[in-house]
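Welcome to my notebook. I have jotted down what I looked up, one topic at a time, so that you can follow along.

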Amino acid sequence: MADVIDDKIKNYRTAPFDARFPNTNQTRNCFQNYLDFHRCNKALSSKGQDASPCEWYQRVYQSLCPMSWVSLSYQKHLNNRTFE
């Protein structure tokens with residue numbers, strides 16, 4: 001099963017359809033994947049496990065989110081610890 005997931009990550013092109021966000025506006029989808037990436041990374045790192053499965057969320061939010069949102073807004077809150 002891990003091989004299948006690794007293949008999907010390697011062949012990743014753009015964010016797949018997510019039924020939780022059926023509308024054209026993908027702002028919430030962007031934000032949710034950004035949060036999921038950092039939650040996954042934090043959870044697996046605290047357990048001492050490999051955080052490579054979290055790469056999926058990172059690739060999705062990088063595909064969906066404008067970089068100005070990530071670099072200016074989200075990172076600012078993350079660095080100020082007002083995001084957790």
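**Helix H2**

I began with the buried residues of H2, and found Asn29, Cys30, Asn33, Tyr34, Leu35, Asp36, Phe37, Cys40 and Leu44. Here buried means under 20% relative accessible area, exposed means over 50%, and partly exposed lies in between (1.4 Å probe, protein chains only). I took helices (H or I, at least four residues) and strands (E, at least two) from DSSP runs, numbered from the N terminus.

A note on the source: this is a predicted model, in which local features need pLDDT of at least 70 and side-chain atom pairs count only at pLDDT 80 or more, while totals for chains, interfaces and linings use all residues. Residues are numbered from 1 along each chain as its sequence is written, and side-chain values use heavy atoms, with hydrogens and water left out.

Next I checked the length of H2.

Thr27 lies in H2 and counts as partly exposed, at 33% relative accessibility. The C-alpha atoms of Thr27 and Tyr61 are separated by 10.0 Å, although these residues are 34 apart along the chain. From Arg28 to Cys65 I read 9.7 Å, C-alpha to C-alpha, across 37 residues of sequence.

**The nonpolar core**

Which residues make up the largest nonpolar core? I found ten: Cys30, Tyr34, Phe37, Cys40, Leu44, Cys54, Tyr61, Cys65, Val70 and Tyr74. H2 and helix H4 (67-79) each supply at least two residues of this core. The largest share, five residues, comes from H2. By definition, such a core is a set of buried Ala, Val, Leu, Ile, Met, Phe, Trp, Tyr and Cys residues joined through side-chain atoms within 4.5 Å. In soluble globular proteins, nonpolar side chains tend to be buried together.

Leaving aside residues up to four places away in sequence, Cys54 touches Phe37, Cys40, Asn41 and Leu44; a contact means heavy atoms within 4.5 Å.

**Aromatic rings**

For ring pairs, I used rings of Phe, Tyr and Trp (its six-membered ring) with centres within 6.5 Å; planes under 30 degrees apart count as stacked, over 60 as edge-to-face and the rest as tilted. How many aromatic pairs does this rule give? The count comes to two.

One is Tyr34 with Tyr61, an edge-to-face pair at 4.9 Å centre to centre and 80° between the planes. Tyr34 lies in H2 and Tyr61 in helix H3 (residues 55-64), so this pair ties together parts that are 27 residues apart in sequence. Both Tyr34 and Tyr61 are buried.

Phe37 and Tyr61 have ring centres 5.8 Å apart and planes at 50°, so I logged that pair as tilted. It too links H2 with H3, because Phe37 lies in H2 and Tyr61 in H3, 24 residues apart in sequence. I noted that ring pairs link Tyr34, Phe37 and Tyr61 into a cluster.

**Salt bridge**

I searched the whole structure and found one salt bridge, meaning a side-chain nitrogen of Lys or Arg within 4 Å of a carboxyl oxygen of Asp or Glu. Asp18 and Arg20 form this bridge, with their closest N and O atoms 2.8 Å apart.

**The whole chain**

Last, I stepped back to the chain. It has four helices and zero strands, in the pattern α-α-α-α along the sequence. Of its 84 residues, 25% count as buried. Among contacts between residues at least 6 apart in sequence, 62% join residues at least 24 apart.
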